[in-house]
Amino acid sequence: MTAIDPAAVASAVLGLDRWFETMRGAWPRLGYGGPVVHWWNHCLTYRGTGLDWRYEGITAGYLTLWRRTGDRRWLDKAVRAGNDLVVGQRADGHFINSRFELNPGVGGTPHEAACDVALLLLAKELRGLGLAERPYLEAARRNLEAFWLSRLWHAPSSTLWDAPGVPSFVPNKAATFVEAILLLRELTGDDSLVERYAIPTAERILAMQVRRPGDKLDGAIAQNRFGDRVVTSFFPLYIARCVPALVELAALTGETRFRDGALAAIAFIARVREPDGGLPQVLYPGGRSNRHPRWISGAGDVVRALAVARDLGADVDPAPTVAWLLRGVRPDGRIATAEGFGRIVPWITRRDRASDEIGVVGWCDKAFRALAPLAKPELLNHASAVTAGNTRPLGVAEVVR
Amino acid sequence: MLSERTSDPAPVLPVELRAAIDVVVKLSQAAEGQIAGRVLGQRQLTRALESCVPVTESNSMVIALGAPPDALRSAVASTMPDRIVTMVGSRFDRSLKPFRAPGRVALPTDLPRAEWDAMGYARVAATGVQGLAAILWSMGERVLRRLGRPDLADRCRIAMLRTLVAAHPSLPAAVRVLHYQRVTT
């Protein structure tokens, strides 16, 4: 593996932590807010708290830092993130403003499952420490049961639909659901969750994977389908987000088809990765593609997938993409969102180039999660956590009970 | 006081109405990121606005989102605001009705110019949303998707979304956001 500068990684992690603190707000509830820029559209008017997939990387990243350093401040921040979700959960199980680029609104996918992943990771950690994990476990379970299993799960076809009543399937979103289900199974001991939900969902994901040796798209996973009509767009970032779930499920069940699918997906990602470590936005059949915008902070999820695959023995090196992430670090601590918003559609989107530099919590969390395991603990212990005003992290003793 | 947030989630609006709400927020927002004004109109639209930014009740501005003309006249007569921001439809909007999803909010057209003059208000800004460019990009997306060119269809969709706010206020647009100021006391 190519060498990664540990000082640069630690500096990026501490910078992100500092920047995340500046992105906390109190409207409409306490939590991480700020603008969102995305492939289809942006959310620049609503800048309040969003309880969406940003919580996944923030919680996982802080838990990683806590485990690596033993510094209680990191655990407190993970707990604070969990509290945002518990307090921001509605009576119907939804999290407020969970639609990311479509905020405000509820029922965001995969965002609410990503919130569940955050809650369950926290619950798992707290249980290991002998601390109260119940509020977090129950909040995740409530969301999974009320929304994902009751409204999105189509039992006759054992398929996770992308919207209630709409026969549609989105592999990367379903993969996030699988991650949540596997964590719930681990915490509750309910093995039937694997058979009923995780395995059928992973099978649907594999069914949308291109397996044509020699083809550039071999290993790629199509973006979605409506009924039987597959949308043949292949987004490397979203394909990367399928990998951890498939690997976890393979490890749990011993079924090598899931591992093989994950490795084929990673081989595709490695094949289309560009020399600077960035990835094109989307590929289509017939050798067509749109490079722009190339995610920078969001490429953290690619690093995470590459690291998972390398642990399985795949001959892949995350370092070029880590370097790509680090080149996006800005003086205020954020990591730039992307490169090339202004070039998605020549001339038409030229004024959108400013979006490249916007700091988005729900993209930077992915860099944070990917970089946290790479930071040397001794370089993190002098972290100066910003804890001003109402952003003070809650101690574990203050956990919602 | 801040507007009371109900337990209703923010409604999911069609893209053109969502873009129009963005324009309304941009026109009405104070420096602190809040809106001080009286919001009236169709429930879906007022909820969408109040979900986007904190709204403080004030008589200095009326924000009428698809409000029936009588409700707008009444609000203006009773508060005599300095500023009025309205979201209204157009003849162009009506011509697009056959292509709209059923149940989409129907927007009334603007009050006649003479009536605004009589009330003592002058238009100072107008923004069109979903004009010809956005419609053409949308048609392009459909055609290219049928022709098996998802790469170009995706670009058309993004171009449609990025051109929802019409390039010039005088061009035809389905939705119009109009800004009036009081010119007489």
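**Close-up views of a predicted model**

**View 1. Packing of helix 11 against helix 13 in chain A.** In this predicted model, helix 11 (residues 300-311) of chain A packs against helix 13 (residues 361-371) of chain A at an angle of about 30°, and their axes lie 7 Å apart. Because angles under 35 degrees count as roughly parallel, helix 11 of chain A is described as roughly parallel to helix 13 of chain A. Helix 11 of chain A contributes Gly300(A), Asp301(A), Val303(A) and Arg304(A) to the contact, while helix 13 of chain A contributes Lys366(A), Ala367(A), Phe368(A), Arg369(A) and Ala370(A). By residue type, this contact comprises 4 nonpolar, 1 polar and 4 charged residues.

**View 2. Helix 6 of chain A and the residue that follows.** Helix 6 of chain A covers residues 171-188, a run of 18 residues. From its first C-alpha to its last, helix 6 of chain A reaches 25 Å, close to the 26 Å expected at 1.5 Å a residue. Of the 18 residues of helix 6 of chain A, 14 are buried, so this helix is largely enclosed by the rest of the structure. Just after helix 6 of chain A comes Gly189(A), which adopts a positive phi of about 75°.

**View 3. The side of chain B that touches chain A.** Here 18 residues of chain B are in contact with 19 residues of chain A. On the chain B side, the elements giving two or more residues are helix 1 (15-28), helix 2 (43-52) and helix 7 (150-162) of chain B. Helix 7 of chain B gives the most, with 8 residues. The residues on this side of chain B divide into 10 nonpolar, 2 polar and 6 charged.

Methods: Residues numbered from 1 in each chain as written. Chains lettered and ligands numbered in written order. Predicted model: local features only at pLDDT ≥ 70, side-chain atom pairs only at ≥ 80, totals over all residues. Axes fitted to C-alpha atoms, helices over the stretch in contact; angles between N-to-C directions. Helix = DSSP H or I, 4+ residues; strand = E, 2+ residues; numbered from the N terminus. Parallel < 35°, antiparallel > 145°, perpendicular 65-115°, else oblique. Contact = placed C-beta atoms within 7 Å. Nonpolar A, V, L, I, M, F, W, Y, C, P; charged D, E, K, R; others polar. Expected span 1.5 Å × (residues − 1). Buried ≥ 20, exposed ≤ 12 C-beta atoms within 10 Å, placed from the backbone.
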